[in-house]
Amino acid sequence: MPSHRMERTTEDIRREITAILREVKDPRAQGLISVVRVEVTNDLSYCTVYVSAMEGLEHAKEAVKGLKSAAGFIRRELGRRLSLRHTPEMLFRATDSIEYGANINRLLNGLESGRTAPADGEEKPSGEGGA
């Protein structure tokens, strides 16, 4: 039963942090930034927020610097919105999961178009040689 409560609390924290990020005015934390995952300790004292950016890992690292400087604002807003007895301390980590997923998508699309192109290319030379 407690694990279900922790899952709910973690999901609520992720949802609210995502909404709060839109209000952060630090220019380093602007752009296509996404909260990928949130991990909360069992006693709700620490919350690790994994952040990714569409522009890549370097942009995500810059965003983490901006989010660290705005951590007090984010923590205060989170406590106000969720009415938690103890609002966890925020730890931000950069990850390249969005860039990684986009790269996998490009590779898969390349395979689809790559398979049709050689198949057409193979048929033409054999068809031309037989004609």
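**Salt bridges and overall picture**

Arginine 15 and glutamate 16 form a salt bridge, with 3.6 Å between the closest N and O atoms; the term stands for a side-chain nitrogen of Lys or Arg within 4 Å of a carboxyl oxygen of Asp or Glu. The model is predicted, so local features need pLDDT of at least 70 and side-chain atom pairs count only at pLDDT 80 or more, while totals for chains, interfaces and linings use all residues. Residues are numbered from 1 along each chain as its sequence is written, and side-chain values use heavy atoms, with hydrogens and water left out.

**Charged pairs**

- Arginine 15 counts as partly exposed because its relative accessibility is 43%, whereas glutamate 16 counts as buried at 15%; buried means under 20% relative accessible area, exposed over 50%, and partly exposed in between (1.4 Å probe, protein chains only).
- Glutamate 23 and arginine 81 join their side chains in a salt bridge of 2.5 Å, N to O. This pair links distant parts of the chain, 58 residues apart: glutamate 23 is in the loop between α1 and β1, and arginine 81 is in helix α3 (residues 71-82).
- Glutamate 23 is partly exposed at 36% relative accessibility, and arginine 81 is partly exposed with a relative accessible area of 27%.
- Another salt bridge brings together the side chains of aspartate 26 and arginine 28 (2.9 Å, N to O). Aspartate 26 is buried, at a relative accessible area of 15%, while arginine 28 is partly exposed at 34% relative accessibility.
- Salt bridges link Asp12, Arg15, Glu16, Glu23, Glu77, Arg80 and Arg81 in a network.
- The search of the whole structure finds ten salt bridges.

**The largest pocket**

- The largest pocket holds about 160 Å³ of space. Grid points are joined across faces, edges and corners, and the volume is the space filled by probe spheres set on the points.
- On a 1 Å grid over the protein atoms alone, where a 1.4 Å probe fits, a pocket is an open set with protein on both sides within 12 Å along at least five of seven lines, and lining residues have an atom within 4 Å of a point.
- The lining of the largest pocket consists of Thr18, Leu21, Arg22, Ala29, Gln30, Gly31, Ile33 and Ser34.
- At least two residues of this lining come from each of α1 (2-21) and β1 (33-40).
- By type, the lining has three nonpolar residues, four polar and one charged. Here Ala, Val, Leu, Ile, Met, Phe, Trp, Tyr, Cys and Pro count as nonpolar, Asp, Glu, Lys and Arg as charged, and the others, Gly among them, as polar.

**Fold and surface**

- The chain has four helices and three strands, in the order α-β-β-α-α-β-α along the sequence. Helices (H or I, at least four residues) and strands (E, at least two) are DSSP runs, numbered from the N terminus.
- Of the 131 residues in the chain, 31% count as buried.
- The accessible surface comes to about 8,700 Å², and carbon and sulfur atoms account for 52% of it; areas come from the Shrake-Rupley method with a 1.4 Å probe.

**Around threonine 87**

- Threonine 87 sits in the loop between α3 and β3 (89-94) and is buried, with a relative accessible area of 14%.
- Beyond its neighbours within four places in sequence, threonine 87 is in contact (heavy atoms within 4.5 Å) with Leu44, Arg75, Leu78 and Gly79.
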